[in-house]
Amino acid sequence: MEKTADIVIIGGGIIGVSVAYYLGKMGAKNIVVFEKNLIGEGSTGLCAGGIRRQWSTEINMHFAMKSFEVFQNFEDEFGASPEFHQIGYLFLARDEEELKTFTKNIEIQHRFGVPSQLLTRDEIKKEWPFLQTEDIFGGSYCHTDGYAGPYEVTSAIAKGARRYGVKFFEKTEVTAIEVQGTHIVSVTTPSGRVETPIVVNAAGPWAANVGKLVRVEIPVNPIRRQLFVTDTFKGIPPSVPLTIDYKQNFYFRREGELVLLSGPQDQEPSFNLTTDFDSMVETAEKATHRVPVFREARIARGWAGLYEISPDNHAILSKVPEVEGLILAVGFSGHGFQHGPLAGMVIAELILNGRADTIDINPLKLTRFKEGKAIKESLIAFKD
Ligand SMILES: Cc1cc2nc3c(=O)[nH]c(=O)nc-3n(C[C@H](O)[C@H](O)[C@H](O)COP(=O)(O)OP(=O)(O)OC[C@H]3O[C@@H](n4cnc5c(N)ncnc54)[C@H](O)[C@@H]3O)c2cc1C
């Protein structure tokens with residue numbers, strides 16, 4: 001293994017591989033990625049792959065717009081299909097208040113040129129008659145949203161990074177980061193020590209643990225979210241939008257001939273990755289309430305992944321004042337898959353140019369929490 005690296009990235013999820021790719025593309029050399037398991041085996045490989053441009057904050061809109069472009073042109077850039085299915089996203093409002101919020105958000109989205117639209121209950125019922133709409137006040141819909149394949153996307157970006165010379169070491173956990181004075185000098189793994197002046201923390205739900213290696217508190221909590229899939233089910237059309245029953249924190253979409261159903265999300269942080277029967281029952285209740293014909297479906301299996309929740313549900317993309325050379329690309333709060341491409345770009349710019357050029361990432365600094373500058377997103381990201 002290398003004895004020195006110009007840049008070490010901890011974590012081989014969508015964020016780590018994107019940072020590696022864009023660093024390589026911008027001409028950086030001697031980049032090493034350490035992944036304690038296999039590439040994409042963390043939250044990325046367990047996620048639902050959702051990609052939307054319906055948000056309520058400017059910063060999330062920037063992330064959505066730029067990353068969307070990458071997903072649309074993915075095959076040209078990476079030579080592989082991202083399996084991007086633009087089935088649309090439909091947010092259902094359960095009261096007037098939610099509908100008002102959706103209306104305001106659509107104004108912001110339109111400023112960015114996103115073709116989102118407000119739908120009435122009748123329009124929703126007409127378009128998707130299998131939905132139970134009696135308790136619905138309307139919805140927010142964008143037909144260009146959709147989902148992509150987390151495995152396809154992550155492995156293609158990692159392959160692109162390798163073409164630029166990035167070295168990946170799987171099954172290699174970073175167990176220590178050495179700091180001299182205020183500067184990073186090396187990382188340690190079971191395979192040896194690597195001298196480096198720059199470390200990118202892209203450790204997803206484990207971001208705070210990596211922070212502890214340099215005694216920096218990183219406010220990112222792992223929160224379990226369960227997902228379930230049905231057996232083959234033909235009771236709804238083959239293509240339906242990813243539909244979010246916003247108040248219930250429940251969504252579903254097609255997964256080929258199956259249906260993917262979101263299960264509950266924990267309130268308390270933990271690294272628990274089990275699925276449980278009670279959660280499956282709760283999921284079935286929410287699913288059949290919204291789509292009565294789901295009573296004829298059978299839940300075949302489920303799994304759990306970890307959200308990486310920051311205090312304001314926005315990413316932390318930041319240098320760390322106390323530790324020179326430490327860069328954070330963490331806290332994506334349940335939407336890191338879709339924001340991964342732009343996150344990679346701006347972190348590469350921050351490292352190589354001293355500042356992000358593509359968009360202003362100052363609002364995402366670590367210090368915002370202490371300075372009372374946390375951001376508010378009303379389409380709460382970790383609900384999808
Ligand atoms: C159920 C569920 C559904 C989701 N659905 C969506 C969705 O529809 N759309 C969306 O955009 N996002 C979604 N997300 C969120 C998305 O999965 C994450 O935001 C994203 O995957 C984060 O990527 P990451 O690279 O930061 O983290 P990860 O993919 O977890 O990668 C971090 C990696 O770091 C490694 N690591 C940790 N510590 C060390 C160490 N010390 N040394 C070496 N390696 C280390 C881990 O093994 C891991 O592979 C969902 C998440 C869950 C749980």
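Trainee: Helices here are DSSP runs of H or I with at least four residues, strands are runs of E with at least two, and both are numbered from the N terminus. Which elements each supply at least two residues of the shell around the ligand?

Mentor: There are α1 (14–25), α2 (43–46), β13 (221–230), β17 (299–309) and α10 (336–353). Keep in mind that this is a predicted model: local features need pLDDT of at least 70, side-chain atom pairs count only at pLDDT 80 or more, and totals for chains, interfaces and linings use all residues. Residues are numbered from 1 along each chain as its sequence is written.

Trainee: Which element gives the largest share of that shell?

Mentor: β17, with four residues.

Trainee: How many residues surround the ligand, and which are the closest?

Mentor: The count is 41. The closest are Gly13, Gly42, Gly204, Gly305 and Gly336. A residue is near the molecule if its C-beta atom, placed from the backbone, lies within 6 Å of it.

Trainee: What is the shell like by class?

Mentor: It has 18 nonpolar, 16 polar and seven charged residues. Nonpolar means Ala, Val, Leu, Ile, Met, Phe, Trp, Tyr, Cys and Pro; charged means Asp, Glu, Lys and Arg; the others, Gly among them, are polar.

Trainee: Now domains. What does the assignment give?

Mentor: Domain 1 is 7–49 + 150–220 + 312–383, domain 2 is 89–143 and domain 3 is 221–309. Those bounds come from an automatic or database domain assignment.

Trainee: Which domains does the ligand shell draw at least three residues from?

Mentor: Domain 1 and domain 3, each of them. The C-alpha centres of those two domains are 29 Å apart.

Trainee: Where does α10 bend?

Mentor: At Leu342, by about 40°. That is the angle between axes fitted to the seven residues ending there and the seven starting there. Just after α10, Gly354 has a positive phi of about 85°.

Trainee: What about the largest nonpolar core? Which members touch the most others?

Mentor: Val19, Ala329 and Ile347, out of 110 residues. α10 gives the most to this core, nine residues. A nonpolar core is a set of buried Ala, Val, Leu, Ile, Met, Phe, Trp, Tyr and Cys residues joined through C-beta atoms within 7 Å.

Trainee: What does Val19 touch?

Mentor: Ile9, Val200, Ala202, Ala329, Gly344, Ile347 and Ala348, leaving out residues up to four places away in sequence.

Trainee: Switching to Gln226. Is Gln226 buried or exposed?

Mentor: Buried, because Gln226 has 23 C-beta neighbours inside 10 Å. Gln226 is in strand β13. Past its neighbours within four places in sequence, Gln226 contacts Gly263, Pro264, Thr275, Ser279, Gly302 and Ala304. Gly302 is 76 residues away along the chain, yet the C-alpha atoms are 7.1 Å apart.

Trainee: Ser279 is in that list. Where is Ser279?

Mentor: In helix α9, residues 277–290. Ser279 is buried too, with 21 C-beta neighbours inside 10 Å. Leaving aside neighbours within four places, Ser279 contacts Gln226, Gly263 and Pro264.

Conventions
Buried ≥ 20, exposed ≤ 12 C-beta atoms within 10 Å, placed from the backbone. Contact = placed C-beta atoms within 7 Å.
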